[in-house]
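Thanks for coming. I have one structure to walk through today, and I will keep to packing and a few individual residues.

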Amino acid sequence: MWRFGRNPARVLRGTDLETALVSASYGTDPLLRSGCEAVRGGDAEAGAALLVETREDPEVRAYQAEALGRAAADRPDEVAALVEGGADPADTMLWLGHALLARAVAAPAGGADTTRADRKAFEAALHEARVPLAEAARRRPDDAAPWAALQTVAMGLGDREERERAWSEAIARAPHHFPAHLTRVRSLAPSRGGSAEEMFAAAGAAADTAPEGSPLPAVLALAHAEYLRGEQRRLLREGNSAYIAAMSLGRLHGEAVRELFALARGWASAAVPHVRGVQAHHLFGWAFHRAGEKDLARWHLGAVGRYVCDIPWAFFGSPRVEAALAMAELGVDPRADRGTGTGSGTG
């Protein structure tokens, strides 16, 4: 752990690296990515076969359902039709719910340019996604995955009661479920009606109780990203320019950085293969880059290979552009195909 590398002799530019980065939306496991490509090409049965193998692992199940859902966002009817062909109804409803959820979140739903009609369409799409997800939960009562997704639906709808129920149901089945905790932290952000105190308390509790080797402590870095994004939006609403808003936020420092360092070090020293490993590296890498801790940021971003995650980079601009700029500044070249590092697991 913490084997820091040097910057290359030639200075990298973000524009050099953008085209080298690959979205992790369809996962980082070659088999899953291949399945997603097949689904996008019209072979829904390829996705169904993948989900069958995930029933005993709630983390892998949620991860694959999310990726396959994005792949089928434009083909939900083909997923629904699998039931008639004999596919498992619980698997199919989970996948269909994620496909409808992916389609909903891809549509305009917030921001200054969003119309009332856009918001209504977004809410209708979320209600549509809720139906198969609830059915998946009913058909497989021990499955945490549909409840984690229902938490996202409730967060999008601003339904606090349903959000709390979905959260409770998810962690009752899988107490350290990464996507459930990730959504929990995001749902408690001040921008969504929560408070900084609630959000950081939830992230801190997840980090403190995470099993040894779990990437779950990275949700504390997510809390910092959510907080800074909210502050940036506040400054913009007050009439500040985008440049002034960005500069006013400054860097992470002090106790926040020391806490993140301890958590990242603990994970790096005992990490086990995990499908959310790349996501955790991006979260810690973003945080340490924001803190000016270049060696730490370089180590984490050097461990993601060519893959870029939307969270947290999308909070501040184009994920590919933001990640590439950070990598260029740190001297991390994703074109040097070293694969993924500690804790990256299969995804």
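This is a predicted model: local features need pLDDT of at least 70, side-chain atom pairs count only at pLDDT 80 or more; totals for chains, interfaces and linings use all residues.

Let me start with a pair of helices. Two packed helices are described by the angle between their axes and the distance between the axes. H14 covers residues 255-270 and H15 covers residues 277-290; their axes are 11 Å apart and the packing angle is about 150°. Angles over 145 degrees count as roughly antiparallel, so H14 is roughly antiparallel to H15. The crossing of H14 past H15 is left-handed. On the H14 side, the contact is formed by Val257, Leu260, Phe261, Leu263, Ala264 and Trp267. H15 contributes Gly277, Ala280, His281, Phe284, Ala287 and Phe288. Sorted by class, that contact of H14 with H15 holds ten nonpolar residues, two polar ones and no charged ones.

From H12 the contact uses Ala221, Leu222, His224, Ala225 and Leu228, and from H15 it uses Leu283, Phe284, Trp286, Ala287 and Arg290. The class count for H12 with H15 is eight nonpolar, one polar and one charged.

Next, the cores. Which residues have the most contacts inside the largest nonpolar core? They are Leu252, Leu260, Phe284 and Trp286, in a core of 58 residues. Helix H12, residues 219-237, supplies the largest share of this core, with eight residues. Apart from this core lies another of 46 residues, including Ala48, Tyr63, Leu133 and Ala148.

Trp286 deserves a separate slide. Setting aside neighbours within four places in sequence, tryptophan 286 contacts Ala221, His224, Ala225, Leu228, Leu252, Pro312, Trp313 and Phe316. Proline 312, on that list, sits in the loop between strand E2 (307-308) and helix H17 (319-330). What kind of peptide bond joins isoleucine 311 and proline 312? The bond is cis, with omega about 10°. For background, most peptide bonds are trans.

Now helix H16, residues 294-301. Six of its eight residues are buried, so H16 is largely enclosed by the rest of the structure. The buried ones in H16 are Leu296, Ala297, Arg298, Trp299, His300 and Leu301. These buried residues of H16 pack against H14, H15 and H17.

Two more residues before I stop. Histidine 181 is in helix H10, residues 178-187. Is histidine 181 buried or exposed? Its relative accessibility is 9%, and the cut-off for buried is under 20%, so histidine 181 counts as buried. Beyond four places in sequence, histidine 181 is in contact with Trp167, Ile171, Pro175, His176, Ala206 and Leu216.

Glycine 27 is buried, at 0% relative accessible area. Not counting residues up to four places away in sequence, glycine 27 touches Leu32, Arg33, Tyr63, Ala67 and Tyr307. Arginine 276 is 249 residues from glycine 27 along the chain, and their C-alpha atoms are separated by 9.4 Å.

That is the end of my slides.

Conventions:
Residues are numbered from 1 along each chain as its sequence is written. Side-chain values use heavy atoms; hydrogens and water are left out. Axes are lines fitted to C-alpha atoms, for helices over the stretch in contact, and angles run from 0 to 180 degrees between N-to-C directions. Helices (H or I, at least four residues) and strands (E, at least two) are DSSP runs, numbered from the N terminus. Angles under 35 degrees count as roughly parallel, over 145 as roughly antiparallel, 65 to 115 as roughly perpendicular and the rest as oblique. A crossing is left-handed if the near helix is turned anticlockwise from the far one by less than a right angle, and right-handed if clockwise. Contact means heavy atoms within 4.5 Å. Ala, Val, Leu, Ile, Met, Phe, Trp, Tyr, Cys and Pro count as nonpolar, Asp, Glu, Lys and Arg as charged, and the others, Gly among them, as polar. A nonpolar core is a set of buried Ala, Val, Leu, Ile, Met, Phe, Trp, Tyr and Cys residues joined through side-chain atoms within 4.5 Å. Buried means under 20% relative accessible area, exposed over 50%, partly exposed in between (1.4 Å probe, protein chains only).
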